[in-house]
Amino acid sequence: MNTSTRLIVVLTGIAVISGAILSFFNILTAERIENYKLEQLRQSVAMVMPGTQDYETLTLSGKVFYLGKDAQGSPTGVAFKAVGNGFQSKLEILVGMDLEMKKILALKVLSQMETPGLGTKIETDPTNKEHPGWFMAQFENLNTLNGIRYVKNEVPDQEGEIQAITGATISSKSVVEILNAAISGYREVFLKREVQ
Amino acid sequence: MAHEKTSLYTEFTKGFWKENPVLRMLLGLCPTLAVTSAAINGLSMGLAVVFTLVLSSMIISLVRNLIPREVRIPSFIIVIATFVTVADLSMAAFVPDISKALGPYVPLIVVNCIILGRQEAFASKNSVGRSVIDALGMSLGFTITLTFLGAIRELLGSGTIFSVQIMPNAFEPWMVMILPPGAFLTLGLMIGTANWLTARKGKSA
């Protein structure tokens, strides 16, 4: 065998073996990974719509809605993913709302890679030992019909207001903007379906 | 070959101190700096490297006489990438929480120069047994260093080690330690200490 044929044979051989090993492991783990993702989603969906036991997925105009149901099968609300840019990362928030999409029931951060110790407080704030999830909890039962606004260094007293995190104003602002954009976009699609 | 003369014990322990990949050779610093915001992240990153390095070294040293010189680097990379992907998929399936915490750094082990470096410098020239011993020593040295670095940063940055509260409640965490500057500061001090200890040892000997 001359040198160049040998090179091709060896590299191809290695690549084929590697491909075989990888497909084997992919088959071995794919189901577990998929189940884990579904389980995570199920838990998150139940978390943002209190009382939810089961949910249905509904796709309208390319937007995905999760319709929550309680143990008796009556609706608990509607949830969807709000995605947008934070201070330095993509924020993905699961929003649970009532069926009129007026009021937020609860929120859950699905993914964020904000500045550790500052922007990450949108999810958990270790400096607030009694209530580390205070920032997201502020949105619970918030009326969103006129949009959400944030205030800095003062106690929110108007409807639709929340308090920004000191030292993470941009992350706080991003959450509010992402929510406002997503809620109005999803509301429009979802309410039209109610009319039909 | 010069390597064949050293004892297996020396081959194993050199990775811990004398040729410690992070502190002495300054290899693989990207994952070192990026994942060590907590001790558990350092440990799991280290263990993923142990897995990849030991298996890659074993395979490479097994086939070292079959691989032509001209294509050795691509061959090494394919072998390494295969094991990294296997580790990544297995972690995502069996320890999803740790896999989530390590984020993109597990796939990036492919380009970690410690692994390619050991194949080029050691496994491609030595017997299987020796290569595995070398890989174990090097990767455990890497693991210990990362865990230690993670523990210091976690202790000062969050007041805990392996999520166990160590500091009194009154301790105000130094936020900077879990941010990127904390990684540079701590690693710099660790490398400085390692150099100082080596220099002192050299003088007294």
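Helices (H or I, at least four residues) and strands (E, at least two) are DSSP runs, numbered from the N terminus, and two strands pair if DSSP finds at least two bridges between them. The views below come from a predicted model, in which local features need pLDDT of at least 70, side-chain atom pairs count only at pLDDT 80 or more, and totals for chains, interfaces and linings use all residues. Residues are numbered from 1 along each chain as its sequence is written, while chains are lettered from A and ligands numbered from 1 in the order in which they are written.

**View 1. Two hairpins of chain A.** Let's start with the turns. Strand 2 and strand 3 of chain A form a hairpin with five residues between them, and A:Gly73 in that turn has a positive phi of about 90 degrees. Four bridges join these antiparallel strands, strand 3 covering residues 75-85, and A:Lys69 stands opposite A:Pro75. Strand 1 and strand 2 of chain A also run antiparallel, joined by seven bridges, with A:Thr59 facing A:Val64. Two residues separate the strands of this hairpin. A:Ser61, in the loop between strand 1 (54-60) and strand 2 (63-69), has a phi near 45 degrees, a positive value in a residue other than glycine. A:Ser61 is exposed, with 11 other C-beta atoms within 10 Å (buried means 20 or more such atoms, exposed 12 or fewer, partly exposed in between, with C-beta atoms placed from the backbone).

View 2. Axes are lines fitted to C-alpha atoms, for helices over the stretch in contact, and angles run from 0 to 180 degrees between N-to-C directions.

**View 3. Helix 3 against helix 4 in chain B.** These two helices pack at an angle of about 145 degrees, with their axes 9 Å apart. Residues making the contact (C-beta atoms, placed from the backbone, within 7 Å) include B:Ala48, B:Phe51 and B:Leu55 of helix 3 and B:Val79, B:Phe83 and B:Ala87 of helix 4. By class, the contact has twelve nonpolar, two polar and no charged residues. Ala, Val, Leu, Ile, Met, Phe, Trp, Tyr, Cys and Pro count as nonpolar, Asp, Glu, Lys and Arg as charged, and the others, Gly among them, as polar.

**View 4. The largest nonpolar core.** A nonpolar core is a set of buried Ala, Val, Leu, Ile, Met, Phe, Trp, Tyr and Cys residues joined through C-beta atoms within 7 Å. The largest has 43 residues, and B:Val49, B:Leu53 and B:Ile114 are among those with the most contacts inside it. Helix 3 of chain B gives the most to this core, with ten residues. Apart from it lies another core, of 37 residues, among them A:Leu107 and A:Phe190.

**View 5. Where the chains meet.** Finally, 19 residues of chain A are in contact with 22 residues of chain B. The chain A side divides into twelve nonpolar, five polar and two charged residues.

Technical notes. Two residues are in contact if their C-beta atoms, placed from the backbone, lie within 7 Å.
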